[in-house]
Amino acid sequence: MSIILDGKTTSNQIKEELSVQVKGIKESGKRPPHLAAVLVGNDGASLTYVGSKVRSCERIGYDSTLIKLEDNISQDALLETIEKLNSDPLLDGFIVQLPLPKHIDEEVVLHAINPNKDVDGFHPTNFGKMALGMETFIPATPFGIMELLKRYKLDISGKHAVVIGRSHIVGRPMSILLSEKGNPGNATVTLTHSRTQNLAAITNEADIVVSALGVPNFLTADMVKDGAIIIDVGITRVYDANHHKGYVIVGDVHYDAVKEKASHITPVPGGVGPMTIAMLLQNTMLAYQRNQD
Ligand code: NAD
């Protein structure tokens with residue numbers, strides 16, 4: 001039986017800490033941090049994510065702006081919007097919710113964001129700084145996982161960490177952060193992906209597994225060793241006629257069986273997801289502080 005790494009409660013603590021900071025800022029007569037989110041199209045999951053980011057901003061006293069654009073917007077028009085946000089002195093940071101429609105080149109768009117406002121940490125300048133261990137905006141999902149490990153005082157130094165998935169927003173930065181000098185950090189990392197052979201043999205050797213591939217119930221109990229720390233990043237909507245929404249959210253980890261073997265495990269929902277939002281807010285506070293200097 002494992003200890004649940006409760007991302008919901010931990011994220012609420014972080015939000016509470018940030019709201020205390022915002023209160024102090026407002027009492028000193030200054031404006032609060034301001035985050036904007038750009039949403040292109042009407043994808044249901046994206047609408048949900050952006051909605052909860054905006055609501056979280058409001059809850060802790062940040063200013064927030066939601067910019068909704070039609071899914072047939074041209075790339076040039078989107079780039080113009082980004083230029084305006086880049087040069088708005090009263091805006092500290094902004095995100096462009098992914099995925100973007102097929103006719104838009106995500107890389108071009110993400111690279112157009114002013115690195116000083118790139119609170120998602122996806123711009124090459126910020127990614128490079130993160131890889132060099134410099135202070136910067138760290139991609140919110142891996143940042144949230146590191147924060148969760150830290151707040152639960154889990155020592156991963158010298159341990160074998162296996163990351164499943166090599167995306168630029170989760171798996172790749174996760175592998176870098178886990179191996180960096182620091183606490184938490186100093187892990188020996190194996191980054192696995194769709195071409196990895198004998199994945200189960202590798203995960204069975206792991207003291208910590210971070211699963212970020214997006215395949216429901218992929219990581220089964222026979223793939224993990226007793227006492228491992230299991231972090232489930234996966235979020236997949238699975239059709240369920242019995243649920244009032246018509247779907248349920250399912251993680252990458254076969255939770256009920258794996259929790260019997262793991263020492264610590266994140267649930268889905270209520271694990272990594274809420275931490276991601278908390279760290280986006282934390283990155284926005286950093287952007288604000290730099291903007292004030
Ligand atoms: P992605 O599709 O960009 O990357 C998936 C990765 O998984 C790829 O690198 C691929 O090589 C690897 N992969 C695919 N099949 C594999 C296999 N059989 N064995 C080993 N590796 C395999 O996905 P992403 O954007 O990194 O997201 C991954 C999951 O995490 C999705 O479910 C996504 O919804 C979720 N996610 C959650 C949060 C959060 O806040 N909790 C944030 C971002 C993404």
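User: Which polar side-chain atom lies 2.5 Å from an oxygen atom of the ligand?
Analyst: One of Ser167. A polar contact here is a pair of N or O atoms within 3.5 Å; within protein, one must be able to donate a hydrogen and the other to accept it, and residues adjacent in sequence count only if both atoms are side-chain atoms. This is a predicted model: local features need pLDDT of at least 70, side-chain atom pairs count only at pLDDT 80 or more, and totals for chains, interfaces and linings use all residues. Residues are numbered from 1 along each chain as its sequence is written, and side-chain values use heavy atoms, with hydrogens and water left out.

User: What about Thr276 and the ligand?
Analyst: An N or O atom in the Thr276 side chain is 2.8 Å from a ligand oxygen atom. Ile235 uses a backbone N or O atom, 3.0 Å from an oxygen atom of the ligand.

User: How much of the ligand does the protein bury?
Analyst: 70% of the 860 Å² that the ligand exposes when taken alone. Areas come from the Shrake-Rupley method with a 1.4 Å probe; for residues, only the protein chains shown count as cover.

User: New topic. Is α7 enclosed or open, and why?
Analyst: Largely enclosed by the rest of the structure, because 7 of its 9 residues are buried. Buried means under 20% relative accessible area, exposed over 50%, partly exposed in between (1.4 Å probe, protein chains only). The buried ones include Met174, Ile176 and Leu178.

User: Where are the cis peptide bonds?
Analyst: One joins Asn183 and Pro184, with omega about 5 degrees. Pro184 is in the loop between α7 and β6. Another joins Val268 and Pro269, at about -5 degrees. Pro269 sits in the loop between β11 and α10. Most peptide bonds are trans.

User: Which phi does Lys153 have?
Analyst: A positive one, about 55 degrees, although Lys153 is not a glycine. Lys153 is in the loop between α6 and β5.

User: Lys153: buried or exposed?
Analyst: Exposed, at 73% relative accessibility.

Definitions and conventions:
Helix = DSSP H or I, 4+ residues; strand = E, 2+ residues; numbered from the N terminus.
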